[in-house]
Amino acid sequence: MKVSIAKCDSYEKEEVYKAVKKSIDLIGGIEKFVKKGQKVLIKPNLLRASKSDKRITTDPAVLDAVIRLVKPITNKICVGDSPAIQSTSFTMNVAGLKEICDKHKVHIVEFCSCKDYKFKSGKKLKGFQLEKEVMESDVIINLPKFKTHVFMTYTGAVKNLYGCITGVTKAALHFTFPKREDFAMMLLDLYEFTKPKVKLNIIDAVIGMEGNGPSNGIPRKLGFISASEDALVLDKIMCDIAKIRSNDVPILKLNRNKLNKTKMHVLGDKINIEKIIYPKTKSFFDSAPLFFSRFIRNNIRSKPKVNVQRCIACRDCVKICPAKTIKIINRKAFIYIRKCIRCYCCHEVCPHNAIILKKPMLAKAYSVFKK
Ligand code: SF4
Ligand code: SF4
């Protein structure tokens, strides 16, 4: 399986266009993935409504480049994703992506009309409720952003497909699969299910995110665009480049044997970057046996806590919390920690960075001991 790398130093439109084109050309050219008259859905990362310089969402220059490359082949292009809270068009507007769609007269799909699809061979889920445009498109071009992730350690191409599931259902699945491995297995089911449609994955790694990503981490310049037909292989190469251990990323760990047997060819530019900063939530005990899971959750995993100075009671965290364990009291969010499943959705969606992650005493003591 081929993975291409094209250096890209900035989000200047022409530079990004050249890098995106190079990354696709190296693996066969756009005509290999999109045929005349096909219906194409481009799926960026639209986690939440935030300006592009926060580096939470796929950069507008990357979307612009992809539309420019696809347009000469087909006019049937649409762009969509399912943000955590706000509507697709609102989120795209704030992130600067709507402007690109308007310029190219490309339709935005709101991702609000879901349909049930059966998936008999699913290991965790035998079916999905997906936005119907996802399965009605001939081709999906997946446009993730390279980021760390407080729950999954890393988020890239496979995790970006989670946005094919519409809003509320996404939060509910966190409650159904509170354990990292189970949640990762469900993501892998979705990856397998959508694979025949997802013909091309292009990751925005010009400026990614490290630390407590995917929304409250630190922007980190990585300086490249990378593409592959296979989302999982692309993620494996991304983690290798960023020196993230596959064992720390559940989607890779669960596919260790399969990935070991896959022949991977990395083409294009050589990239050498310093190790990425892991999320604070990553713990040595993540790989402990499952019967420890409740103990680990309560005593090892970082706890979400509200910084009342920053909280403006917007209720986004209340709406997203799958355990329904956040209330607004005296105009501030309050987390009843006993019912918290440590999914960190509240941390992801808070637009004011008012949810902080606190390491329990035992986890702190272990870190000191390890040093
Ligand atoms: S913690 Fe954040 S998301 Fe929750 S109510 Fe306060 S500002 Fe809004
Ligand atoms: S409080 Fe936050 S981390 Fe806990 S279950 Fe709710 S959304 Fe998840």
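1. Lys324, Lys327, Arg338 and Lys339 make up a positive surface patch. For the record, a patch takes residues with over 30% relative accessible area and no salt bridge, and joins like charges within 9 Å; Lys and Arg count as positive, Asp and Glu as negative, with His and the chain ends not counted. A charge is placed at NZ of Lys, CZ of Arg, CG of Asp or CD of Glu, and areas come from Shrake-Rupley with a 1.4 Å probe.

2. Before going on: this is a predicted model, where local features need pLDDT of at least 70 and side-chain atom pairs count only at pLDDT 80 or more, while totals for chains, interfaces and linings use all residues. Residues are numbered from 1 along each chain as its sequence is written, and side-chain values use heavy atoms, leaving out hydrogens and water.

3. Helices (H or I, at least four residues) and strands (E, at least two) are DSSP runs numbered from the N terminus. Lys324 is exposed, at 52% relative accessible area; the cut-offs are under 20% for buried, over 50% for exposed, and partly exposed in between.

4. Strand 2 (residues 40–44) has five of its five residues buried, so it is largely enclosed by the rest of the structure. Val40, Ile42 and Pro44 point one way, Leu41 and Lys43 the other. Strand 2 pairs in parallel with strand 3 (residues 77–80) over three bridges, pairing needing at least two DSSP bridges. Leu41 has Cys78 as its bridge partner in strand 3.

5. The whole structure holds 20 salt bridges, each a side-chain nitrogen of Lys or Arg within 4 Å of a carboxyl oxygen of Asp or Glu. In one of them, Asp9 meets Lys221, with the closest N and O atoms 3.5 Å apart. Asp9 is in the loop between strand 1 (2–7) and helix 1 (13–25) and Lys221 in strand 11 (residues 218–228), so the pair ties together parts 212 residues apart in sequence. Asp9 is exposed at 52%, whereas Lys221 is partly exposed at 46%.

6. Arg55 and Asp59 also form a salt bridge, at 3.4 Å from N to O, and both residues are buried.

7. Within helix 14, Asp316 and Lys319 are three residues apart, about one turn, and their salt bridge has a closest N and O separation of 3.7 Å. Asp316 is buried at 8%, but Lys319 is exposed at 52%.

How values were computed
Chains lettered and ligands numbered in written order. Patch = residues over 30% accessible without salt bridge, like charges linked within 9 Å, V, L, I, M, F, W, Y side chains within 5 Å. Buried < 20%, exposed > 50% of the residue type's maximum accessible area, 1.4 Å probe, protein only.
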